[in-house]
Amino acid sequence: MNQTVEELSSFLSHPQKIIITMHRDPDADALGSSLGWASYLIKKGHEVTVISPTDYTANLRWLSGIEHVLVYEKQTDQVKCKEKIANATLICCLDFSALSRLKDLGRIVEEATAPKLMVDHHLEPEHFAKWMVWDTYAAATAQLIYKLIKELENNAPVTEIFDIPMAECLYAGIMTDTGSFRHGNVTPEVHLAVADLMLTGFDSSRVHRLIYDNAPLSRLQFLGYVLSQKLVVLPEYRTAYMVLTEAELQKFNSSTGETEGIVNYGLQVENVVMSAMFIERKGEVKISFRSVGTFSVRDLASTYFNGGGHKNASGGRSEQSVHDTVATFLNILPEYQQELLNVD
Ligand code: 5GP
Ligand code: MN
């Protein structure tokens, strides 16, 4: 046991009032790791409240415990969130490492007096937490939660610690953050963790179906439109990009969930090693970047688009118009050309 785990173990040997929160627009890793951790802590006799800064996509509504998640952005939940945070004895921050990723909730968490535990795998963390379980080598925060729970339980057999719903939550996070086990972040540890979790007996194919084969027809129609009309490929930069305006999103009646993951399609084009998607929504431009191999989209996202993330999957935001944001992107491409051409 390392010192952090030892200290946590001793802290958690008494009943605590625990908040678990995750990054805004939470994905399956953010919510899955939070709900898996919550189930474990509840089993251990703690009082646990899970708070999401914003709403989440419909294909995550089956995750166990999600019905109790408070959404800070909702007027009806906000007072309760503030009260729970004020009374908390521990705040767990999962799948993010900068408080700005919590949107308006960031200030409340920053000012809270309770000690904080960060569990995360993003690059370059802020140092706001008393305890940090931070490993950029991990493919998912859910993988780190699996490992942390195993350590806290002195490596007891998985079936003595995890039940099926908990294992499903963690599996969902690992499966999605590895792109169903095909990204560069897949390591032996990923498969060993998943193999162990599968000993609980859950149906991994069902989890895949619930997340990926569970979209409204409008999402597929929207995807068809984007791929046929909006995907631009720049072979000289081995780059693909897509730009979606607010008007187009409205035309397809598209919710946040319907654009999720579409950026990855750019990488399916032969020879392309970077894909970017620009989405104009609620007066700002949300940008998603994906890359393969040695090319780091995180550097590009943090240098030019107030963002960050991982080497091969990053995001950012811009308050400029969508037109100007894309112009910035096109202008900086020559600076990265050699690096893009060098990717294996
Ligand atoms: P996505 O494109 O799926 O929204 O995000 C890809 C990755 O980049 C995720 O790991 C996410 O946490 C990170 N990310 C997305 N948007 C931002 C942002 O605005 N700031 C930072 N620091 N990271 C982001
Ligand atoms: Mn993650």
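Residues are numbered from 1 along each chain as its sequence is written, while chains are lettered from A and ligands numbered from 1 in the order in which they are written. Because the model is predicted, local features need pLDDT of at least 70 and side-chain atom pairs count only at pLDDT 80 or more, whereas totals for chains, interfaces and linings use all residues.

Let me start with the ligand. Around ligand 1 there are 13 residues, and the closest are Ser288, Gly307, Gly308, Gly309 and Gly315; a residue is near a molecule if its C-beta atom, placed from the backbone, lies within 6 Å of it. Two or more residues of this shell come from each of strand 11 (308-309) and strand 12 (313-318), strands being DSSP runs of E with at least two residues and helices runs of H or I with at least four, numbered from the N terminus. Strand 12 gives the most, with 5 residues. Domain 1 (3-212) and domain 2 (217-342) both give residues to the shell, so ligand 1 lies between them, with domain bounds that come from an automatic or database assignment.

Now the helices. Helix 2 (residues 28-43) packs against helix 5 (residues 141-152) at an angle of about 20°, with their axes 8 Å apart, where axes are lines fitted to C-alpha atoms over the stretch in contact and angles run from 0 to 180 degrees between N-to-C directions. That makes helix 2 roughly parallel to helix 5, the term for angles under 35 degrees.

Notes:
Angles under 35 degrees count as roughly parallel, over 145 as roughly antiparallel, 65 to 115 as roughly perpendicular and the rest as oblique.
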